[in-house]
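This briefing goes through the packing of one protein chain, topic by topic. Please keep the sequence and the structure in view while reading.

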Amino acid sequence: MAGAVASRGCRKIRGTEIKELLESKHNLLFDCDGVIWNGETPVTGAPEVVRLLKQQGKRVFFVTNNCTRPRENYVQKFSRLGFTDVAEEDIFSSAYCSATYLRDVAVVQGKVFVIGCYGVQKELQNAGVTIVEEEGDGPDVSIYNCPLDPDVKAVLVGYDEKFNFMKLAKACCYLRNSECLFLATDPDPWHPLRGGRVTPGSGSLTAALEAASSRKATVIGKPGRFMFECIASQFDLDPERSLMIGDRLETDIRFGTNCGLSTMLTLTGVSTLEEAEEYKGSDSPEKKDSVPDYVVESIGDFLEALEE
């Protein structure tokens, strides 16, 4: 067993080695996009892998920077794609964790101005966090004459397909107050779409506001530690018995490293084995922290190990 569990850096494993690694772990943390599914298509074998892990007494969590839907909608997607035993409490999204942070850590006594989609707004509302209710600005409204809410105590940036100049300008005005918190759901710069297209992610919108406001955001999602702390506050997790499985080196794998977890890269999403090998030879501390302990083609490779 020791041979499979010892971290040698970016080591591709199969069969018995996967089995021995899984036997040494009690908590499995999965990213979703590119690991569990791609769009509306589950990764081959993923529903069965999750079912067997839970059946064998493993604790399975889903840790995603995707803030586009609230947890209840994630449960619906899991069910729609054939995952029969995923509960809301298994899911930790950057939107949910941002709401938890604002409610329990920052304890914001006021309103939050949100640049973000429905998933972000819904999780804030579920947590009892008051947000600025934005009404459509008329044709004669500009940053010179638009109303600004004096009760805003925090600005939160997430993925927003309706991001525009006025949202950016209003956020800049709120952040002129040094006591106004500046948070971002996650640092993801872009997301892959079908047909080879991409869409800007929360990280690119946050970068625009950082440049315009001359302030740096506190990032809630991966690779920061808070998402793991959020899980650990609800479940008793031992980092040494936990494995983080993801498809993105800079977020998923670095998150696992930052939290003291073993890490595994799956090649069904964004990052490649070649990139991981390149990072392994880099002198950059950030790239070194983004090198996975283990690599698999797909979490479908778990099936052989779990069915023995």
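Which residues are linked into a cluster by ring pairs? In this predicted model, the cluster consists of Phe30, Trp37, Phe62, Tyr74, Phe78, Phe83 and Phe302.

**Nonpolar cores**

- The largest nonpolar core has 35 residues, and those that touch the most other members are Leu29, Cys97, Leu102, Val120, Leu124 and Phe255.
- At least two residues of this core come from each of β5 (59–64), α5 (94–105), β7 (111–115), α6 (118–126), β8 (152–157) and α9 (226–232), and the largest share, six residues, is supplied by α5.

**The contact of α5 with α6**

- The axes of α5 and α6 come within 8 Å and cross at roughly 40 degrees, and the crossing in which α5 passes α6 is right-handed.
- On the α5 side the contact is made by Ala95, Tyr96, Ala99 and Leu102, and on the α6 side by Gly119, Val120, Glu123 and Leu124.
- By residue class, this contact of α5 with α6 divides into six nonpolar residues, one polar and one charged.

**Aromatic pairs**

- The structure holds 11 aromatic pairs, one of which joins phenylalanine 61 and phenylalanine 92 edge-to-face, at 6.3 Å centre to centre and with 65 degrees between the planes.
- Because phenylalanine 61 lies in strand β5 and phenylalanine 92 in strand β6 (residues 91–93), this pair ties together parts that are 31 residues apart in sequence; phenylalanine 61 and phenylalanine 92 are both buried.
- Tyrosine 101 and phenylalanine 226 also form an edge-to-face pair, with 5.2 Å from centre to centre and 85 degrees between the planes.
- This second pair links distant parts of the chain, with tyrosine 101 in helix α5 and phenylalanine 226 in helix α9, 125 residues apart, and both tyrosine 101 and phenylalanine 226 are buried.

**Helix α7**

- Helix α7 (residues 165–174) is largely enclosed by the rest of the structure, because eight of its 10 residues are buried.
- The buried residues of α7 are Met166, Lys167, Leu168, Ala169, Lys170, Ala171, Cys172 and Tyr174, and they pack against β7, β8 and α8 (202–213).

- Serine 298 lies in the loop between β15 (294–296) and α13 (302–307), and it counts as buried because its relative accessibility is 13%, under the 20% limit.
- Apart from neighbours within four places in sequence, serine 298 is in contact with Val43, Thr44, Thr266 and Thr268.
- Threonine 257 lies in helix α10 (residues 249–258) and is partly exposed, with a relative accessible area of 31%.
- Not counting residues up to four places away in sequence, threonine 257 touches Thr263 and Asp289.
- Threonine 257 and glutamate 210 are 47 residues apart in sequence, and their C-alpha atoms are 26 Å apart in space.

Notes. Residues are numbered from 1 along each chain as its sequence is written. This is a predicted model: local features need pLDDT of at least 70, side-chain atom pairs count only at pLDDT 80 or more; totals for chains, interfaces and linings use all residues. Side-chain values use heavy atoms; hydrogens and water are left out. A nonpolar core is a set of buried Ala, Val, Leu, Ile, Met, Phe, Trp, Tyr and Cys residues joined through side-chain atoms within 4.5 Å. Buried means under 20% relative accessible area, exposed over 50%, partly exposed in between (1.4 Å probe, protein chains only). Helices (H or I, at least four residues) and strands (E, at least two) are DSSP runs, numbered from the N terminus. Axes are lines fitted to C-alpha atoms, for helices over the stretch in contact, and angles run from 0 to 180 degrees between N-to-C directions. A crossing is left-handed if the near helix is turned anticlockwise from the far one by less than a right angle, and right-handed if clockwise. Contact means heavy atoms within 4.5 Å. Ala, Val, Leu, Ile, Met, Phe, Trp, Tyr, Cys and Pro count as nonpolar, Asp, Glu, Lys and Arg as charged, and the others, Gly among them, as polar. Rings of Phe, Tyr and Trp (its six-membered ring) pair if their centres lie within 6.5 Å; planes under 30 degrees apart count as stacked, over 60 as edge-to-face and the rest as tilted.
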